[in-house]
Amino acid sequence: SLSDCALSYEHAAILRKELMGHPYLTYLNLKRNTLGHQAAKGIIDLISKSPHLVKVEVDPETPKFQAIKQLCLANMNIHIKVTSCVSCKRQVLGQSIDNVETVLLKELGKIKSVLNTTAENLHSVWLRMWEYLKNNDYLLSVCDVDCLQDWLTSLTTFMSTPPIS
C-alpha cells in the first residue's frame, strides 16, 4: 500500500514508469496522498496501459477521480460512463444499456398501464426520452432514490396533463 506516503508528481511519474504494463499488478492504494492534476494524468496513463490493474484507490477529491474509476472498470470489461442525473444534474456513473429501445418501450408500456394517458402523450414522452438517451450515450442515470422519485413524478405529471388542442 502506498497510502499516506506524501507522494508528489515526481513519485507518481516514477510509479507510472516502473509499474506500466506490470502483468501481476491488479490493485494500487494511493489514498491519503495529495495528488495534483499531473499526478492524476500519470495514474490514468498507468491504468490505461496496464490491463490487469482493476482497482486504484484514491481520495474522492483527487483530480480526475471519476476517470480513474472509469478506467479501472473498463479494465474489468465493465463499460461505465460519467453522466449526469436526469433530475438534479449531479455527476454520476452510469452503465450503457443494450437494446435500449426495447427497455424504453417496455418501461413506457408499464407507465401507460398505470396512468390514464393518451397515446399522443406517450409518444411525446418516448421521443423526448429517446432524444435524451441519444445525446447521453444511451445512459439514463439517477444518483439516488429521491432523484428517481422526483423524475418519475415529473414524468407522471407530464403524462397525465391533457394535450393542448
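Biologist: Which backbone nitrogen does the side chain of Asn-33 reach at 3.0 Å?
Modeller: Keep in mind that this is a predicted model. Asn-33 sits in the loop between strand 1 (27–29) and helix 2. A polar atom of its side chain lies 2.9 Å from the backbone nitrogen of Ala-6. At 3.0 Å, the side chain of Asn-33 reaches the backbone nitrogen of Cys-5.

Biologist: Okay, is Asn-33 buried or exposed?
Modeller: Leaving aside neighbours within four places in sequence, Asn-33 is in contact with Leu-2, Ser-3, Asp-4, Cys-5, Ala-6, Leu-7 and Asp-59. Its relative accessibility is 4%, and buried means under 20%. So Asn-33 counts as buried.

Biologist: Now the helices: how are helix 1 and helix 2 oriented, roughly parallel or roughly antiparallel?
Modeller: Helix 1 (residues 9–19) and helix 2 (residues 37–48) pack with their axes 9 Å apart, at an angle of about 10°. Angles under 35 degrees count as roughly parallel. That's why helix 1 and helix 2 are called roughly parallel.

Biologist: Which residues of helix 2 does helix 1 meet?
Modeller: Helix 1 brings Tyr-9, Ala-12, Arg-16 and Leu-19 to the contact. By class, the contact has 5 nonpolar, 2 polar and 2 charged residues. On the helix 2 side, the residues are Gln-38, Ala-39, Gly-42, Asp-45 and Leu-46.

Biologist: And which residues have the most contacts inside the largest nonpolar core?
Modeller: That core has 19 residues, and its largest share, 5 residues, comes from helix 2. Leaving aside neighbours within four places in sequence, Val-56 is in contact with residues including Leu-28, Leu-30, Ile-43 and Ile-47. The ones with the most contacts inside the core are Leu-30 and Val-56.

How values were computed:
Residues numbered from 1 in each chain as written. Predicted model: local features only at pLDDT ≥ 70, side-chain atom pairs only at ≥ 80, totals over all residues. Heavy atoms only, no water. Axes fitted to C-alpha atoms, helices over the stretch in contact; angles between N-to-C directions. Helix = DSSP H or I, 4+ residues; strand = E, 2+ residues; numbered from the N terminus. Parallel < 35°, antiparallel > 145°, perpendicular 65-115°, else oblique. Contact = heavy atoms within 4.5 Å. Nonpolar A, V, L, I, M, F, W, Y, C, P; charged D, E, K, R; others polar. Core = buried A, V, L, I, M, F, W, Y, C linked by side-chain atoms within 4.5 Å. Buried < 20%, exposed > 50% of the residue type's maximum accessible area, 1.4 Å probe, protein only. Polar contact = N/O pair within 3.5 Å; in protein donor to acceptor, adjacent residues only side chain to side chain.
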